[in-house]
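Please keep the sequence and the 3D view at hand while reading.

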Amino acid sequence: MSQSKNHPDDVPASASHAIYTIETVERITHISKDQIVLYYQYGLVSPVQATEKEILFDEDAIHKLRQIAFLLSEYGINHQGLKQFVSLMDEVERLREEVRFLRQKL
């Protein structure tokens with residue numbers, strides 16, 4: 001499997017703790033606000049804050065949205081498949097953090 005030059009992991013992770021409005025996330029990711037809201041409603045991406053007037057996202061959410069866009073464009077994965085993928089990626093990240101913690105204890 002070859003890696004596309006637009007793969008989300010090709011973008012370096014930011015050390016920033018910035019918070020973005022949905023309009024800004026739309027510009028950054030090129031994903032429509034309606035799609036972002038739909039992904040939020042499906043539980044694929046979590047905002048840092050959601051009210052009736054505003055939904056705010058962080059860098060982690062932007063990274064997840066880029067992964068979702070990549071999977072849709074490269075592999076045509078449906079929403080149920082995306083939900084499974086996001087769940088697995090969350091578990092992988094949790095396990096990575098656990099391994100880092102355990103390595104620091106040694």
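The points below cover helix packing, an aromatic pair and salt bridges.

This is a predicted model, in which local features need pLDDT of at least 70 and side-chain atom pairs count only at pLDDT 80 or more, while totals for chains, interfaces and linings use all residues. Residues are numbered from 1 along each chain as its sequence is written, and side-chain values use heavy atoms, without hydrogens and water.

**Helix packing**
- Helix α1 (residues 22–29) packs against helix α2 (residues 33–41) at an angle of about 105°, and their axes are 9 Å apart.
- The two helices are therefore roughly perpendicular (65 to 115 degrees).
- In contact (heavy atoms within 4.5 Å) are I22, E23, V25, E26 and T29 of α1 with K33, I36 and V37 of α2.
- These residues comprise four nonpolar, one polar and three charged.

**Aromatic pair**
- The structure holds one aromatic pair (ring centres within 6.5 Å).
- F70 and Y75 form this pair, which is edge-to-face (planes over 60 degrees apart), with 5.9 Å centre to centre and 80° between the planes.
- F70 is buried at 8% relative accessibility (under 20%), whereas Y75, at 42%, is partly exposed (between 20% and 50%).

**Salt bridges**
- Six salt bridges are present (a side-chain nitrogen of Lys or Arg within 4 Å of a carboxyl oxygen of Asp or Glu).
- E93 forms a salt bridge with R96 at 3.9 Å and another with R100 at 3.2 Å.
- E98 and R94 form a salt bridge at 3.0 Å, and a network of salt bridges links E91, R94 and E98.

Technical notes:
Axes are lines fitted to C-alpha atoms, for helices over the stretch in contact, and angles run from 0 to 180 degrees between N-to-C directions. Helices (H or I, at least four residues) and strands (E, at least two) are DSSP runs, numbered from the N terminus. Angles under 35 degrees count as roughly parallel, over 145 as roughly antiparallel, 65 to 115 as roughly perpendicular and the rest as oblique. Ala, Val, Leu, Ile, Met, Phe, Trp, Tyr, Cys and Pro count as nonpolar, Asp, Glu, Lys and Arg as charged, and the others, Gly among them, as polar. Rings of Phe, Tyr and Trp (its six-membered ring) pair if their centres lie within 6.5 Å; planes under 30 degrees apart count as stacked, over 60 as edge-to-face and the rest as tilted. Buried means under 20% relative accessible area, exposed over 50%, partly exposed in between (1.4 Å probe, protein chains only).
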